[in-house]
Amino acid sequence: MAKATAKRAAQAGGNRETLAGHGAEELPSVSVSGYNLELRDKDGFIGDRASRRAFRETLDDWRERLGRLDADPFGDVETVDLSKKQLDKAMLGEDPEAAALVHGVIEEFAGELAGVIRRFRRTKGWEKVERIAVGGGFRNSRIGELAIARTGLLLKADGIAVEMRPIRHHPDEAGLVGAAHLMPAWMLAGHDGILAIDIGGTNIRAGIVALNLKKAADLSKAEVWTSDLWRHADDEPSRTAAIERLAQMLGDLVAKAGKDGLTLAPVIGIGCPGLIRADGSIDRGGQNLPGGNWESEHFNLPAALTKTIPEIGGHETVVVMHNDAVVQGLSEVPDMQDVAAWGVVTIGTGLGNATYVNRGK
């Protein structure tokens, strides 16, 4: 891959920026000052206090206490079956006790998230962060937006001058859009889109990101043109079957782009949980991925995909993989140019995190 990339860079002319490696610190627009921060205390990882699961556990605890007095406003519905939409509706509905319950849980959760951010800020990568984008599925709800805003207020009340705001793109799309920022501009020039993959412990999403470079060279107009979602948790596939399914998804996307006259750059950007080594293998953090054993020294996802899709548009395929929180955060690059250091947290099964310094700042 390195030889082919160097050759293409030379053909592009001049001293073009080289392609970043897997899990690289130096990317085209930013330096990744840290990611996948794993701080512990006596109770475990502190990030787990501000996960989607933690919110549900807090709600369940309140409901259990109220249920002893037959005062649970949600009745017999299991907490796990209460959707974000249902909670949003309850918070804005006519039942004041249901609304108060949801608001109370938001308050507790925001307190925990603010505590996690305070602890993060005592580390080198986080100490100068001025703005934090919050992504993950929890962000895509009114309760999530309020929890984010409340966290920001709690931090400011403590004299911590950091802005908290929801990630701009829909969380299902941010992890795909961010993949475009893994690539140097010369690799994208003259193309309409790229293939992108967002891998999670429950779902795998693959899509085509329309670059829209004629509208904005800084990728601020990049958007998901089409995508395909596979909920692998329902199928419990082996690792081999998961890679085969992913390759099929990518092949279908390439065919769809060709049918619609969309020119794809010969690159694939991947966001994947865990610490990503320079060779594309996963050091740790991939324990929830389909089929298990993604951390094996004998397995390499970028290499596996390069074998299954060796060419795109007649050019050798280049694959770049980074941590999923890093990639989701990269979708915010165009909106973070007015600060020097910034970060992202993604509220999901756990609390993904990454920090960046804008290059030249």
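I started at Ala185, which is found in helix α7 (residues 185–188); helices (H or I, at least four residues) and strands (E, at least two) are DSSP runs, numbered from the N terminus. The model is predicted, so I note that local features need pLDDT of at least 70 and side-chain atom pairs count only at pLDDT 80 or more, while totals for chains, interfaces and linings use all residues. Residues are numbered from 1 along each chain as its sequence is written, and side-chain values use heavy atoms, with hydrogens and water left out.

Is Ala185 buried or exposed? Ala185 has a relative accessible area of 61% and is therefore exposed (buried is under 20%, exposed over 50%, partly exposed in between, with a 1.4 Å probe and protein chains only). I also looked up Ala185 against Asp218: they are 33 residues apart in sequence, and their C-alpha atoms are 9.0 Å apart in space.

Next I took the aromatic rings. Rings of Phe, Tyr and Trp (its six-membered ring) pair if their centres lie within 6.5 Å; planes under 30 degrees apart count as stacked, over 60 as edge-to-face and the rest as tilted. By this rule I get 6 aromatic pairs. One of them is Trp294 with Phe299, edge-to-face at 5.4 Å centre to centre and 70° between the planes. Trp294 is buried at 1% relative accessible area, and Phe299 is buried at 9%.

I then checked Trp342 and Tyr356. Their ring centres are 4.1 Å apart and their planes lie at 20°, so I list the pair as stacked. This pair links distant parts of the chain, with Trp342 in strand β15 (residues 341–347) and Tyr356 in strand β16 (residues 351–358), 14 residues apart. Trp342 is buried at 0% relative accessible area; Tyr356 is buried at 0%. I also noted one aromatic cluster, formed by Phe55, Phe109 and Phe138.

For charges over rings, I required NZ of Lys or CZ of Arg within 6 Å of the ring centre and within 35 degrees of the ring normal. The charged end of Arg65 sits over the ring of Trp62, 4.5 Å from its centre. The charged end of Lys256 sits over the ring of Trp225, 5.9 Å from its centre.

Last, I looked at helix α3 (residues 84–92) and helix α5 (residues 142–157), whose axes come within 8 Å and cross at roughly 70°. Axes are lines fitted to C-alpha atoms, for helices over the stretch in contact, with angles from 0 to 180 degrees between N-to-C directions. Leu87, Asp88 and Met91 of α3 make the contact with Arg142, Ile143 and Leu146 of α5 (heavy atoms within 4.5 Å).
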